[in-house]
Amino acid sequence: MDYATLLQLLDSTLRLATPLLLACLAGLYSERSGVFDIGLEGKMLVAAMCAGAVAFYSGSAWVGALAGIGGSLIFALIHGVTSITFRGNQLIAGVALNFLASGLTVLTAQALFGQGGRTPPLTGAARFGELTLPFAEALRPVPVIGPLYAEVISGHSVLVYMAFAIVALTWFVLYRTRYGLRLRAVGENPAAVDTAGVSVVGLSAVRLLPGAGDAAGHCGRDRAGEGAGVLHRGPALHPDRHRAGRLHRQGDPAPRGRRALCEGTLTLRRKSSFSSADIPRGVRGVRNPPLLRPARGDPMSDAETLVRLIRARSGDAPVALGLILGSGLGHLAHAVDGVAIPYADLPGFPHVGVSGHNPNLHIGRLEGVRVAVFGAREHYYESGNPRAMLLPLQVLKALGAESLILTNAAGSMRPDVPPGSVMLLSDHINFSGLNPLIGEKTDARFVPMTDAHDPALREALKAAATSEGIDLPEGVYCWYSGPSFETPAEIRMLKLLGGDAVGMSTVPEVILARFLGLRVAAISTITNMAAGMSDERISHEHTKTMAPLGAAKLERILREFLRSRH
Amino acid sequence: MGWGGRPPFILEGRLMDRLPRWADVALVPFVSLTLAAIISALVIVAIGQDPWEAITVMVKGSVMNAYGWGYTLYYATSFIFTGLAVTVAFHAGLFNIGGEGQAQLGGLGVALTLLFIPWPHWTIALVAASLGAALFGAAWAAIPAYLQAKRGSHIVITTIMFNYIAASLMIFMLVDVLRPPGKMDPATANFPPATHLPSFNEIPGLNAIFTSGVPANVTFFIALAMAVVVWLLLWRTRLGYQIRAFGKSEPAARYAGINPTKIIMIAMLISGGLAGLMAINNVMGEAERLLGNSASGAGFIGIAVALMGRNHPIGVVLAALLFGFLFQGGAELGLWTKIPIELRTVVQGLVILFTGALDMMVRMLLVRIFALFRTSRLEAA
Amino acid sequence: MADPAYAIELKGISKAFGPVQANRDINIAVPKGTIHGIIGENGAGKSTLMSILYGFYKADAGQIFVNGQSTPIPDSQSAIRAGIGMVFQHFKLVQNFSVLENIILGVEDGPMLNTSLSKARNELERLARDYELDVDPDALIEDLSVGHQQRVEILKALYRQADILILDEPTGVLTPDEADHLFRILRGLKDQGKTVILITHKLREIMEATDNVSVMRRGTMVATVKTAETSPEQLAELMVGRKVLLEVEKAPAKPGEVVLKVEDLRVRDEHKVERLKGVSFEIRAGEILGIAGVAGNGQTELLEALGGMIRATGRAWLKGADLPLSGTGADGQSRRRTGIAHVPEDRHHHGLILDFTAWENVAFGYFNDPRYQKNALFMDNDAIRTDTERKMAKFDVRPPIPTLAAKSFSGGNQQKIVVAREIEQNPALLLIGQPTRGVDIGAIEFIHKQIIALRDAGAAILLVSVELDEIMSLSDRIAVMFDGRIMGFRDPETTDERELGLLMAGVTGKGEAA
């Protein structure tokens, strides 16, 4: 391991240790005072929710932080009243609070923001920025110590420094103040404090506040501070994010509070308990993963059921158009004026676990047109099921849509279509050897694929691009199953065969849509050059800066397209 | 004798200071539940929805037709197992929070039993899979039990930790070991058809009521049988006597010659075995293959069920039915209303809080009301 | 208005817990600068009364006057403000705090500790000079002897400017010597004008230390008399409400064969500290060996080692057969099988499961008894209940309801359940610790008679008690323990309290090594 890697490791260690450190301090206060606080997790979660929500509304990270502390204080108070005033079991009260927190945070966030039980991403002053310590740049050239100071010690959010300051403060409070003396005494022998003429109940209440409340509250602030920042922090964190995502998918209950600190938006929708997220997809033929709520019916009747329950929330008006969003286009989904229904609430809908996606079905008006926007899709490579999107598309059809616009992120094989471009699909090559219609019994399965990408829709999209002044080249998209990327040799072959872009989605959806009689068009945002197409190093940097450009272009095209149809 | 003529007033006082038995057994839980329901209703109002609609949907979807009962009883079956698991440990003075992990391991036991040995008939497979489930669940409880007995490590902490380890272990097993080649799903292959357990709609007699496919299956009867077995164990056997004595007072158990290590180990093994047995219901009876997160939180619900059921098998069965209703009803809420399904997590939290931790508050309240009642009656007389 | 010559005056204090009248119309006046004793049986209402005075309970009726002023005392802070200090039977000290930290706890002079600590140090030096109350201010409580810990409690009260000091059963954990020192301190306090209230059930201490004495019985104040004008017999009669036989009637022992022989018994606690340092003795059939000593000198370990509750080294024989002291065969179950019954010192923590019913407690320790089994699988609960009814009748347990929880019985009746269970086993050896602790005088007589009866039936009995009177009146031979050793054996007929007291303090009359 070279020194630079070591520094990077130390840097992320410091950052990741902060929420744990604050939680530990919270535990320390309660342990010292004789309370075994199993409810810290819930308090952190509530703090995170309050901090995230208030920071969003107020636009101030500090106000958010205070709200986070306030939120966990309320929970600490409930814990205190329960276990001290009413002599309830601390452990049971803690377990109850964890349950309560994991449910209430989602309910609140959903009621406030309608984004599937998450708080919105924070930007600008709503997040704590990085603090560059004095002379960090000046000292950088000094060997060994310079980079250590500049990379590891400097450049953290103010909360990291505060956390370490609180360690020292805690020592002082415990051993040098009246409060500390009484706190420790209560933990060792409550009777001693009582007879010494101090109200144990009062003191215990006071002790629970800074103890569990305060430090857990800090964690909440930390979340507001880190905000979406971690996503761009560099590769050191990514393995961890990945692991979090996996646990996440397993519906792991506990580390959510902590994880919330590390992730961009607080994803509250995973629970400790049974959820309809565990509900299986009702795919015919295979007896599919019924966990606790099995669905064994005909998929079409499932679609009807789903339509009924979607309409119960979104109203009965039919939708004109469906939109499946690829990564990076979440903003467009949130622009929909209507309801957001989490996939988790829709039995049979994909159980999408890749973080950064938005697993919600948004129904409402966008640029005046009533649309159904799918915030995320399931890829073939996720569970080996090419029919994963069948039910959502059936639902779309049943909701009254006639057309479907698909978007995706793809690698370009054409040097004249660099990262940051958008490309309209004129046709596709199904290079996976799979077909979502295998197993269908009727002759409807023999779907013609001539003009599968609807010429009229394409023209309308091109017109929209022209009026927005955006270049929208057409090209052929190759579906490659993934999840591994293509080899340079494969790319050379695909190019020879007439491909222009390559990606891991969209094609099965085009086939299914055609099968269901929907008109389809698809647009790729080009995020990178395909393997072997350019110098990798340059390409990486380029991708990072150019990819968002493509998403912005696509959004403008789609909005203009919708306006033109209104 | 000096005290001969003295009325046993201390005794009398203590009795009268308490609540009548019926109030203790029925009224206190009822009031606790009512309080939890009222606060839940307030939460629903706060998020701008209609609590009356919510309760209607819940009741309709869970207990108003056979189909709903098919789900309610299915959930209740799992909760009976985990609730009994918590109960047995609780009587030994141990707070087993590890039911979740033990149930997952139980699932592994079921999967291994059913995948690798060809069983001729489901009855034999059921016996074997039950053993596998109980064995694996017990094994997972054995380590925290040993650490508690020999090292004094707090069982609450170790069992929580073992939930995490179980989750990771299951991911590893499903992704890297048991996943059939060529499949992307982190799950085992389907169990052989011969091991299919009859659901309620496939049991002669019951199928007259349950006409459509429901997940509730024969395991429900095993769960009820286990409730009886646990009752017999705790109140009719020497082992149960020792478990309860140890749970009430460890120093006294030492005095009586009850071996603490033995009791901790046995109680936790039984507890883990019961939690593991839950896998018969969901893994063998329902999914018919092993998936990730198979316990789906039922291990945690078991804590609430045991608390609510006053750690008595009859209470556990009743509480499991209540939670089964909450689950099925909660799922219906998520389906038919705009109320997010997380509401049921909130309701669970409130039920645990009121029945488990705020017991004393309710009791104090009732004692006061009863005292008022008594006084007024005296005055009237 | 009350008389300001009284430090404390209580008028018409009543307190009920539910329908139980713990204190009924109590009137008491304690003159300033006196030592006032309050005596009464367990459950007579002494502790309730003092708890009201210290603000732990609120009286239902009545008034408290301090120095002639009507003073409501809703909480302990108010009591402290009124100049009342309390020394509890079980010290309320934080074990891992220093003496100074314990003293300032709750009366710190500000949010920071420095000033309070130095002020307390000076004050402590002054108090130590004035009242023979010397303790090292920086010592940790856990390193102090009980006598010194008690001094810290007194210092705590004095540091809080207490003029009136209440002591609840202060001598239970002290040697006669330490108790004498305590009484010297109390007399010193009295000479400085402080008022002392001494709660005790030991008649001897009342006679020795107090100026006046109030007697309580079943929640009422029966009498207040000048100590000089009363006698122990009169006080005992007032306490119980009838004449009491303070002496136990028994025939001379007829010792038979050796039942228990112990050689070089040693016990280490969990901190590897040796608590029993090589004890050897033997007990014969039909003989009571009484172990005298201040609590905490190894008696508990001796009983627990012989009862199979803790591991020990050394050798022991029961009727000539080897009695394992560790490993298999050294547990409570094996002991019971070999005919050893054990009435433990602490019936609440060891002898009973308070939440269990009476009949479940009767099977406690004997759940493996064949009489209590229905078959290989199940216990015969009906048989246990029947057996319980029989034992309750024989030992006159009130109320004789086997299905009642043990905690619903009074202390005396609880102890009778334990004693009945153990004695009715007809053991070869009975280990019995503190047989009458917290038991009212009536039940004491009964339990003593049962012990004598068992002896006369030919059992060997090892009796441990911190009540010297009890040891003297029951034992056929007395062994005195100090610091994990037996200091010597004495004949109760020829020894006296003074000699035993010296042995209990580790001083041997004949210059033996302590």
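This is a short talk through selected parts of the structure shown above.

Hi everyone, and thanks for coming. First, the ground rules: this is a predicted model, where local features need pLDDT of at least 70, side-chain atom pairs count only at pLDDT 80 or more, and totals for chains, interfaces and linings use all residues. Residues are numbered from 1 along each chain as its sequence is written, while chains are lettered from A and ligands numbered from 1 in the order in which they are written.

Let's start with chain A. Chain A holds 20 helices and 11 strands; here helices (H or I, at least four residues) and strands (E, at least two) are DSSP runs, numbered from the N terminus. Of its 566 residues, 54% count as buried, meaning that 20 or more other C-beta atoms, placed from the backbone, lie within 10 Å of the residue's own. Among chain A contacts between residues at least 6 apart in sequence, 79% join residues at least 24 apart. A contact, by the way, has the C-beta atoms of two residues, placed from the backbone, within 7 Å.

How is chain A divided? We have domain 1 (3-129 + 145-262), domain 2 (277-401) and domain 3 (407-566), with bounds that come from an automatic or database domain assignment. Between domains 2 and 3 of chain A, 25 residues of domain 2 are in contact with 31 residues of domain 3. On the domain 2 side, helices H14 (330-334), H15 (380-383) and H16 (390-398) of chain A each supply at least two residues, and H16(A) gives the largest share, with four. By class, that side has 13 nonpolar, eight polar and four charged residues. For the classes, Ala, Val, Leu, Ile, Met, Phe, Trp, Tyr, Cys and Pro are nonpolar, Asp, Glu, Lys and Arg are charged, and the others, Gly among them, are polar.

Staying in chain A, look at helix H7 (residues 158-176) and helix H8 (residues 178-188): their axes come within 5 Å and cross at roughly 75°. So H7(A) is roughly perpendicular to H8(A), a label for angles of 65 to 115 degrees. Axes are lines fitted to C-alpha atoms, for helices over the stretch in contact, and angles run from 0 to 180 degrees between N-to-C directions. H7(A) brings Val173(A), Leu174(A), Tyr175(A) and Arg176(A) to the contact, and H8(A) brings Tyr179(A), Gly180(A), Leu183(A) and Arg184(A).

Now over to chain C. Which strands form the sheet, and in what order? Six strands make an open, mixed sheet, running E16-E17-E18-E13-E19-E20; two strands pair if DSSP finds at least two bridges between them. Strand E16 (340-343) and strand E20 (485-490) of chain C are at the edges with a single partner strand each, so one side of each has no neighbour in the sheet. From one strand to the next, the twist averages 20°.

Five bridges link E13(C) in parallel to strand E18 (residues 460-464) of chain C, with Ile288(C) partnered by Ile461(C) and Glu287(C) by Ala460(C). With strand E19 (residues 477-482) of chain C, E13(C) pairs in the parallel sense over four bridges, and Gly290(C) stands opposite Ile478(C).

That's my tour, and I'm happy to take questions!

Conventions. Parallel < 35°, antiparallel > 145°, perpendicular 65-115°, else oblique. Buried ≥ 20, exposed ≤ 12 C-beta atoms within 10 Å, placed from the backbone.
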